Amino acid sequence: MTAPARHAALKIFHSNRYCYAMIVSAGNVVSSASTLEASLGEGLVSKSDRVASGVVGRMVAKRAIDKGVSAVQWTRRGKQRYHGKIAALLEAAKVEGLALR
């Protein structure tokens, strides 16, 4: 499925125990990643710290690029700031080649 970049949005959620991210385009989930996945959670000391956020960011970006989405828009939800875990996830996604608008 190839999604237009202008419709793709990156959604991030952090709980006290896990990190989740998904890319949504036109109401459909294009890619997602979470520290609940066995392959992502292996070898992590914590599933909710900055390192785990970076792993989730890299994986969600790889999966999105494989499906043809090269750019996404991240909008601040509630009190999310570009800081800490959120910044680690977004920077890891950028390193993998996902453009943020």
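Setting aside neighbours within four places in sequence, L98 is in contact (heavy atoms within 4.5 Å) with I23, A61, A64, I65, V69, S70, A71, V72 and A93. Before going further, note that this is a predicted model, in which local features need pLDDT of at least 70, side-chain atom pairs count only at pLDDT 80 or more, and totals for chains, interfaces and linings use all residues. Residues are numbered from 1 along each chain as its sequence is written, and side-chain values use heavy atoms, with hydrogens and water left out.

L98 also belongs to the largest nonpolar core, a set of 24 residues in which L10, I12, I23, V69, V72, L89 and L98 touch the most other members. Such a core consists of buried Ala, Val, Leu, Ile, Met, Phe, Trp, Tyr and Cys residues joined through side-chain atoms within 4.5 Å; buried means under 20% relative accessible area, exposed over 50%, and partly exposed in between, with a 1.4 Å probe and protein chains only. Two or more residues each come from β1, β2, β3, α2 (50-66), β4 and α3 (85-95), and α2 gives the largest share, 6 residues. In soluble globular proteins, nonpolar side chains tend to be buried together.

Now to the sheet. Helices (H or I, at least four residues) and strands (E, at least two) are DSSP runs, numbered from the N terminus, and two strands pair if DSSP finds at least two bridges between them. Here 5 strands form an open sheet in the order β3-β2-β1-β4-β5, with mixed pairing. β3 and β5 stand at the edges with a single partner strand each, so one side of each has no neighbour in the sheet.

A hairpin of 4 residues joins β1 to β2, and the two strands run antiparallel, with 7 bridges between β1 and β2 (residues 19-25). One of the residues involved is F13, whose bridge partner in β2 is Y20. Towards β4 (residues 71-74), β1 runs parallel, joined by 2 bridges; A9 stands opposite Q73, while L10 stands opposite W74. The covered face of β1 holds A8, L10, I12 and H14, and the uncovered one A9, K11 and F13.

What lies against the strands? α2 lies across β1, β2 and β3, running at about 150° to β3. α3 packs on the sheet, touching β1, β2, β4 and β5, and its direction makes about 140° with that of β1. These angles, from 0 to 180 degrees, are between N-to-C directions of axes fitted to C-alpha atoms, for helices over the stretch in contact. The buried residues of α3 are I86, A87, A88, L89, L90, A92 and A93, and their cover includes β1, β2, α2, β4 and β5 (99-100). Just after α3, G97 takes a positive phi of about 110°.

Our last stop is T35, in the loop between β3 (28-34) and α1 (38-41). T35 is buried, with a relative accessible area of 1%. Beyond its neighbours within four places in sequence, T35 is in contact with Y18, C19, G41, L44, K47, A52 and V56.
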